[in-house]
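Here's a quick briefing to read alongside the model. Have the sequence and the 3D view open as you go.

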Amino acid sequence: MTAPAPAPDFGRFVAASAAAGRLVVQPRMGFGDPGRMRAGLARTRAATAHTAGTLTVDSYTRVGDLAAARAAVAEGSRLNGYPIAAHSPATTRAVLDGLFDADFPVQVRHGSARPLAIVRALTAAGLDATEGGPVSYCLPYGRTPLRESVTAWARACELLATGARPGAVPHLESFGGCLLGQLCPPGLLVATSVLECLFFMQFGLRSVSLSYAQQTDPAQDEEALRALHRLAAEFLPDGIDHHVVLYTYMGVYPRTEQGATRLLEASARLAVRSGAGRLIVKTTAEAHRLPTVEENVRALETAAAAAALAGPPAPDPAAEGGGEVYEEARTLVETVLGLHPDLSRALPAAFERGLLDVPFCLHPDNAGRSLGFVDPGGRLRWARTGAMPIRPDAAADAAPLTSAGLLAALHHVADRYDSPRHRDRDSHRDSGEGHDRPQATPLTV
């Protein structure tokens, strides 16, 4: 009698890939039409890379306007993602049939502060991996009150933990390592990712991933990723499956194909050097429009090739990771955990008191007294920290923030990678050597 095929397990797939020395690469991809969505998944699976699949939901579903999503499906309107809560479970299972298995796990990505309908739909279709978080999918994405997002995410975590198919190990990835995408010093990104994964565990999840988005300086990014490994080892209990996922740069992206490709390749090398298990890629179309399936596949294969040439990661990244980012992130994590043992109470309290404060975030529940800047060496620093228990950079310039200064900082990475001069300095910059970066305008007040 033939043994049943092993069930898909997102966390186990990434762990097995890491043990074999292979970086998992994953696109952001979503189409409203089930046929196009299936074709995109099939091309992702067939790519010359070690891939995981993605169902990215549409904007109507993300904000909870399911009536509009259903109307769009009924009318055949084109959507900017897959409306998983508007399609029937049978439709989604047909999209996945013959593709979704132990060798090709699929994750649902969405951006919702109220994800219950999305989690209900994905579990009904037999899926068990998604991402987000009560802070990271609330503050940057709208005006949903943080306490409402926390309550909604607690219920969604419980549903994901208990509603998955028998024998499954549901997986949830924190988006905390991204927040607004750029100009947030990495200590807060690392701390948010750790805190959200602890929140997931509190509400029943046993397999999580901690995220970090590539920022302005390769050496600082590597330090941040090692700090994330170390803090995960310190704060997540034994028996919790976890890995680190890196996002290719989430800010203003290079406009040239060469610049965009160099930035993607740099992120792949960073992922390997720092021991990340998975990389979420960007395409050369990022600065211009939504990418095609072919552009997504090309990005996956480019990242995989760069990772294969990067050499082995440094040994045992969890054993390292001290330094400024680690100390800052640990202070923030311990401060929040000290407010209340229940993170559904501690996280809102931390924002109410300004103990967590995301720079440039206009959400009404964010204090808005912190400010980041890009220093002349290209590293992200704090100009102001508000009530957070960390110190601003003592060398921060006292010049006021100007629109020109903000635009220079927002375009710092794109301009650097688009510059023809960058081509010959890639290897030095990736390793933290050759700090001949253009002088950046500090963002201070």
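Is Phe 360 buried, partly exposed or exposed? Phe 360 is partly exposed, at a relative accessible area of 32%; buried here means under 20% relative accessible area, exposed over 50%, and partly exposed in between, using a 1.4 Å probe and protein chains only. Before going further: this is a predicted model, where local features need pLDDT of at least 70, side-chain atom pairs count only at pLDDT 80 or more, and totals for chains, interfaces and linings use all residues. Residues are numbered from 1 along each chain as its sequence is written, and side-chain values use heavy atoms, with hydrogens and water left out.

**Overall build**

- The protein has 16 helices and ten strands, counted as DSSP runs numbered from the N terminus (helices are H or I with at least four residues, strands E with at least two).
- Its radius of gyration is 21 Å, close to the 22 Å the globule rule gives for 445 residues, so the protein is as compact as a globular protein of that length. That radius is taken over C-alpha atoms, and the rule is 2.2 Å times the number of residues to the power 0.38.
- Along the principal axes, the C-alpha atoms fill a box of roughly 70 × 50 × 45 Å.
- Buried residues account for 58% of the 445.
- Take the contacts (heavy atoms within 4.5 Å) between residues at least 6 apart in sequence: 74% of them join residues at least 24 apart.

**Surface and charge**

- The 43 positive and 47 negative charges have mean positions 3 Å apart. Lys and Arg count as positive and Asp and Glu as negative, leaving out His and the chain ends; each charge is placed at NZ of Lys, CZ of Arg, CG of Asp or CD of Glu.

**Helix H5 and its cover**

- In H5 (residues 89-96), Thr 92, Val 95 and Leu 96 are buried. Viewed down the axis of H5, the buried residues fall within an arc of 95°, so they line one face of the helix; the arc is that of the directions from the helix axis to the C-beta atoms.
- Cover for those buried residues includes helix H2 (34-46) and strands S2 (53-56) and S3 (106-109).
- After H5 comes Gly 98, with a positive phi near 80°.

**Around H2**

- Ala 39 sits in H2 and is partly exposed, with a relative accessible area of 39%.
- Ala 39 and Val 293 are 254 residues apart in sequence, yet 8.4 Å apart in space, C-alpha to C-alpha.
- Gly 32 lies in the loop between strand S1 (24-26) and H2, and is buried at 16% relative accessible area.
- Setting aside neighbours within four places in sequence, Gly 32 contacts Leu 79, Gly 81, Tyr 82, Pro 83 and His 87.

- As background, most residues other than glycine have a negative phi.
- Phe 360, not a glycine, has a positive phi of about 65°; Phe 360 is in the loop between helix H13 (343-352) and strand S9 (370-374).
- Leu 183 has a positive phi near 65°. Leu 183 is in the loop between strand S5 (171-174) and helix H8 (186-202), and counts as buried at 3% relative accessibility.
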